[in-house]
Each structure stands twice: as C-alpha cells, then as structure tokens.
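Hi,

Here is the structure I promised to pass on. Have a look at it first, then read my notes below.

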Amino acid sequence: ERLMDILSPLGEHMTSKVDVERSRAVTCYLCVLRRYSDLKNPQTATHVDKDFDCLGTIIGTVVPRLSDTIMNIRQMACSALHCILQLHNEFHADQPQYEKVRDMLEKLLLLRETLRSSDPRDLFTLAKQISNFLGSVLAVR
C-alpha cells in the first residue's frame with residue numbers, strides 16, 4: 001500500500017476535539033512514518049513506494065499539531081515533521097543539496113525542545129521559526 005493510504009484514516013482524528021484521540025492519532029502517524037523510514041532503508045527492505053508524492057499532504061496534516069494545547073502532541077508532531085522531511089531528503093540523496101538539508105534537519109530537533117512552553121507568544125514565535133525553517137528546507141529542493 002502507499003503511505004497515504006495508510007495515513008489517511010488518521011486524518012480526521014488528528015483534528016479531533018478530544019485530546020486523547022489527537023494524541024493517539026499523532027502517535028500512530030509518527031510510528032507509521034518511522035516504520036516507513038525503516039523500510040526505505042536499503043539494508044532492511046526490498047521494496048518501498050518510490051512514488052513519494054505525499055509530502056505536502058503530510059506536512060499539512062502535521063503542522064497544525066505543532067500548536068496543539070497538549071505539549072506531548074506538539075513534540076510528537078515535531079518529530080513527525082522531522083521524520084517526513086528526513087524521508088523526503090533520503091529520496092533525494094543523489095542530489096547535491098542532500099548534505100545541506102540533512103544539516104538543516106538537525107536544527108528542527110533543537111526547536112522541538114521549545115515546544116515545552118505553553119505560552120502563546122512562545123508558540124507563535126516557534127510557529128514562525130518552523131515556517132521559516134520549512135521554507136528554507138523546501139526551497140533548497
């Protein structure tokens with residue numbers, strides 16, 4: 001199955017008003033992305049969907065959770081964003097920008113710790129930083 005076929009059913013739960021549902025959905029999203037990433041590794045798998053065309057959809061689903069009211073959800077969403085961008089970069093490992101993007105992705109993990117704050121001003125600043133980060137990473141492509 002394609003990655004989006006697996007992730008799509010989680011979409012409605014990612015925007016649920018119930019905290020537990022959102023938390024479980026983000027956890028499942030992250031687990032699927034990590035497993036997909038493991039399967040993408042040539043040493044551990046023989047086949048993965050090579051038509052990796054769902055980057056925008058996944059980013060659009062995960063990014064709103066970066067400003068969730070629950071800290072754990074925000075941090076898992078950041079990890080999911082890192083995972084999907086890392087996957088995207090791996091699919092383009094033969095391009096000259098690969099190393100630059102890989103280094104930039106490490107900075108996203110540093111931003112993850114900022115998600116511990118529940119102050120709306122901090123979260124707004126963080127949303128701006130992540131937007132700039134996404135723009136710079138995707139602009140390299």
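T61 sits in helix α4, residues 55-62 (helices are DSSP runs of H or I with at least four residues, strands are E runs of at least two, and both are numbered from the N terminus). Setting aside neighbours within four places in sequence, T61 is in contact with M14 and Y29, where contact means heavy atoms within 4.5 Å. T61 and V26 are 35 residues apart in sequence, and their C-alpha atoms are 9.7 Å apart in space.

Before you go further: this is a predicted model, with local features needing pLDDT of at least 70 and side-chain atom pairs counting only at pLDDT 80 or more, while totals for chains, interfaces and linings use all residues. Residues are numbered from 1 along each chain as its sequence is written, and side-chain values use heavy atoms, leaving out hydrogens and water.

As for the overall picture, the chain has seven helices and zero strands. Of its 141 residues, 40% are buried (under 20% relative accessible area; exposed is over 50% and partly exposed in between, with a 1.4 Å probe and protein chains only). Among contacts between residues at least 6 apart in sequence, 70% join residues at least 24 apart.

Now the helix pairs. The axes of α3 (residues 19-40) and α5 (residues 71-90) come within 9 Å and cross at roughly 25° (axes are lines fitted to C-alpha atoms, for helices over the stretch in contact, and angles run from 0 to 180 degrees between N-to-C directions). That makes α3 roughly parallel to α5 (angles under 35 degrees; over 145 is roughly antiparallel, 65 to 115 roughly perpendicular and the rest oblique). V26 turns up again here: it is one of the α3 residues that meet α5, while the α5 side includes M76 and C83. By class, this contact of α3 with α5 has eleven nonpolar, five polar and five charged residues (Ala, Val, Leu, Ile, Met, Phe, Trp, Tyr, Cys and Pro are nonpolar, Asp, Glu, Lys and Arg charged, the others, Gly among them, polar).

α5 also packs against α6, at about 175° with the axes 10 Å apart, so the two are roughly antiparallel.

Which residues of α6 (residues 98-114) are buried? They are Y98, V101, M104, L105, L108 and L111. They cover an arc of only 120° around the axis, so they lie on the same side of α6 (the arc is that of the directions from the helix axis to the C-beta atoms). The face turned away from that buried side carries the exposed K107 and L110.

Cheers
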